[in-house]
Each structure stands twice: as structure tokens, then as C-alpha cells.
Amino acid sequence: MRPAAALLILGVWTLGVFGEMLRRGRTLQPLRLTRVKRDSPLVVGAKQQTSSAVYKRSQDITKSWGTKSEQLLRIDDHDFTMRPGFGGPAVPVGVDVQVESLDAISEVDMDFTMTLYLRHYWKDERLSFRSNNNQSMTFDGRLVKKIWVPDMFFVHSKRSFTHDTTTDNVMLRVFPDGKVLYSLRVTVTAMCSMDLSRFPLDTQTCSLEIESYAYTDDDLMLYWKEGNRSLNTDERISLSQFLIQEFHTTTKLAFYSSTGWYNRLYINFTLRRHIFFFLLQTYFPATLMVMLSWVSFWIDRRAVPARVPLGITTVLTMSTIITGVNASMPRVSYIKAVDIYLWVSFVFVFLSVIEYAAVNYLSTLRERRERKLRETLPCTCGIAHPGMMSTSYSEVDANTTGNYGMPEINGIKRDRTLDLGMESDPVTGYVGSSAYSSVWIDTHVIDKYSRVVFPGSYILFNIIYWSIYS
């Protein structure tokens, strides 16, 4: 009897526990339904009734991890080797540019280096997809190789590359209606034909030209997306030698005899050169050398060791300045503004040396004539003839200008000529003729005139030069 009683008690206990569980389940079920209704979004309309709150919030398939981009865009279903709308009108491709930096301007190579963000806009219906929230999809450069993109290139470029740190700086954004934004970061070195005839007082205009390589204007219409506002620049762009005056855009047609007409976009910018650097390095030293060469006009003409090295030093210094300037310039076949200034300054320095050579030669010639005249005079036995110079040449004041010991007559010093009176000599009794022999002896007057002519001429040259080129 005892085993039967134990089984009966166990059965009763099991039924009690099972009944309690059923009672508690009925009590918690309304609470769960209430929580589900509170957490689920409000739905208006009877047609949107669903049995579960999980399916009431539909997800956008463009943000779903389970869908591949190739499958969503149906890349394998189309031939992307052909342009959009092949066989129809030209596909419009809008372009805008963000200039990040203008790195270098080279007069020797006649080129410039620019880093920019190049963006393309077009519509390719083959890339359209379904999106509940009209959201776009963004990809990196890996998808670019699988679809059609415009084949842009830079005309007259020497070097160019797309940045790849830390990955390729390429972005592709596709919208549900098939519109595409293709952006990349590029550094390009392009040719700039410079006119250096006014260097360094010049203003240069350079252009970066963008064009399709394969598609003519019948297949691809290239244009600036928002006109002149399509070109944006960084306000921090600055150059050491140039002031950036203006950026603007233009559009033209380029013709090739073998392929046809192409749309070409231009990024034009104007540069004005800073003159202060060249004033300190070229113009100011050249002017000082010319002024230094004028010092010889105030040095005694007989001080040969002082005047000759001074003239040679200034000539060699001017040659060094000219060589240094031309070493950093291209070998153009025309004369530049800086060449005119430097060579005119060189001529002034060279003429100061020639001036002393002329003074020295005429002085030597005058001394020979005086020596010859003294040899033709009769012996005076140490007594000077009336009217002759009272001092010898070696005693002449070095600061006089041609009046080498000339006697004063009525308070006026005789100038330029030496009058030798041939009258009766009270000692020897020699009677000469009353005729006078005049000899031109004033050669030092060249220095006197050079002190005025050289500075005046150089100042006049500077006035004309800076009025023309400034």
C-alpha cells in the first residue's frame, strides 16, 4: 500500500504545478502584447496591419549587408564598355574642381604643379536601383573599374598621378535614379607658356586644360556644372614669388584633324610676381655698384693704384650679378626687363673705367708736350722767365682742375692754356718774339664733368625704366 500512496501523492503534486504554470502564462501574455504594441511604430490605415511588430519597420536594401553591390546595381547584366545611351545624343558630363594647392611655378621649365579635387557628374540609367528612402550608395575605387566613367585627361600635362595614401583617393556615389558622382584627388604638372619680356615686373596667365581622350562632342558633352562657380579654391593658397590675382573658367572646342572636335575645359589663373625679392637681390646691388664706380671721379688722377682696382672690381661684380640672374632663368631668345637694367648698369660701370683711361692718356700726352716745350726753351740758369709757371708739376695741388700753378692776373686765375711770353731777358739779353704759344693742358676737367654727367644720366635712365615697366 505504501508504494501506491507515494505514486498518488506524486501525481497530485505534478497536476498542481502544471496548473499553476498555466495560470501564470495567461496573466503574462497581455503584458507582452502591450510591450510589443508600445515598441512598434504607429501605423495609419487598415491595410498596413501585420501579425508581427518586427515586419512593420522595413529596412532600406541599400544599407543591408546581405546584398552585394554588383547584384544591386546589376553590373553583370549590362555592357559598361559603352557609354550611357550609346547610339543616342551625347551624354552630358558636368565637372567641378576644388583647387587644394598650387605647389610650384618654374620659369626654367615653364610649368606649374597643382593639386585638386576633380569631380564628374553624369547619369547612367543602367546603375539605377530600388531604394525606399531614396538614399545613395558610396563606393571606393574598386567599383570604378567595373563601370563606365568619363575618360578625362589633362592637355599639355607633363606628369600627373592620383593620390593613393592610405588607399586610392577615389570616391564613387550612385543615386537610385542612376545619377553618378565620381571624385578623385589628383596632382598634375602642366605646361605654362610664359612671356618673360617684362621679368621680373611681369604678370603670367596659366591654364589647366581638361578634355575627353576618346569621345568627341557627338558622344560626350563636357561642361562646367555651375559655370564659374564650379571652380573653388582654398583661401590659404599662397606662393613665395607670386600673388594669385584671379581664378576663372572657360570652355572651348578643340579640333584634331584626324579625330574631330572635342569639348575642352580651362582652369585659368593669373599670377603677379613679387618684386621685393628682386629689388634686394638684383636691382639694389647693381645700383650700388654703379654709384661705387663714380667714386673714382673724386680720386686724384695720378693715384693709379686706387682708381684702376676700383674700376675693375665694380666691373667684375656686375658680371657676377648678371651671371647669377641668368643662371636661374630659361635661355630665351629675347631681352628681358632685368637684362636691360643690368646691362645698362654694366655699361655705366665700364664707361667709368674708360673715363679714367681717357684722363690718364690725355694727362700723359700733356706732360710730353710740356717736356718738349721746356727742351726748346733757352737756358735761363735757374731764373724763371716772366709769365711762366712759378711751380713745377710735382708741386701742383692735386685738387685743382687744370690750373696747375697758373698765376693770377687781376685776381683771375688763368685757365686751360699756358702762355709763354718770349720777351727780352734782362739776364741773358736774349730778345724773343712777342708771339704766344698756347698748349691745351686741362685734361682733369673730364673728371669734373663726369661727376655731373654720369649720375644725371643714370637717374634719367631709372626714371624712364620704372615708368615703362612698373
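I checked the length of helix H6 (residues 445-469) first: its 25 residues, at 1.5 Å a residue, should span 36 Å, and the end C-alpha atoms are 36 Å apart, which agrees. The expected span is 1.5 Å times one less than the number of residues, and helices are DSSP runs (H or I, at least four residues) numbered from the N terminus.

This is a predicted model, in which local features need pLDDT of at least 70 and side-chain atom pairs count only at pLDDT 80 or more, while totals for chains, interfaces and linings use all residues. Residues are numbered from 1 along each chain as its sequence is written, and side-chain values use heavy atoms, with hydrogens and water left out.

I then looked for a bend in H6 and found one of about 30 degrees at Arg 451, with Pro 455 following within four residues; the bend is the angle between axes fitted to the seven residues ending there and the seven starting there.

I looked up burial (under 20% relative accessible area, 1.4 Å probe, protein chains only), and the buried residues of H6 include Phe 454, Pro 455, Tyr 458, Phe 461 and Tyr 465. The buried residues of H6 pack against H3, H4 and helix H5 (337-376).

For the whole protein chain of 470 residues, I noted that 36% are buried. Among contacts (heavy atoms within 4.5 Å) between residues at least 6 apart in sequence, 74% join residues at least 24 apart.

Conventions: Helix = DSSP H or I, 4+ residues; strand = E, 2+ residues; numbered from the N terminus. Buried < 20%, exposed > 50% of the residue type's maximum accessible area, 1.4 Å probe, protein only.
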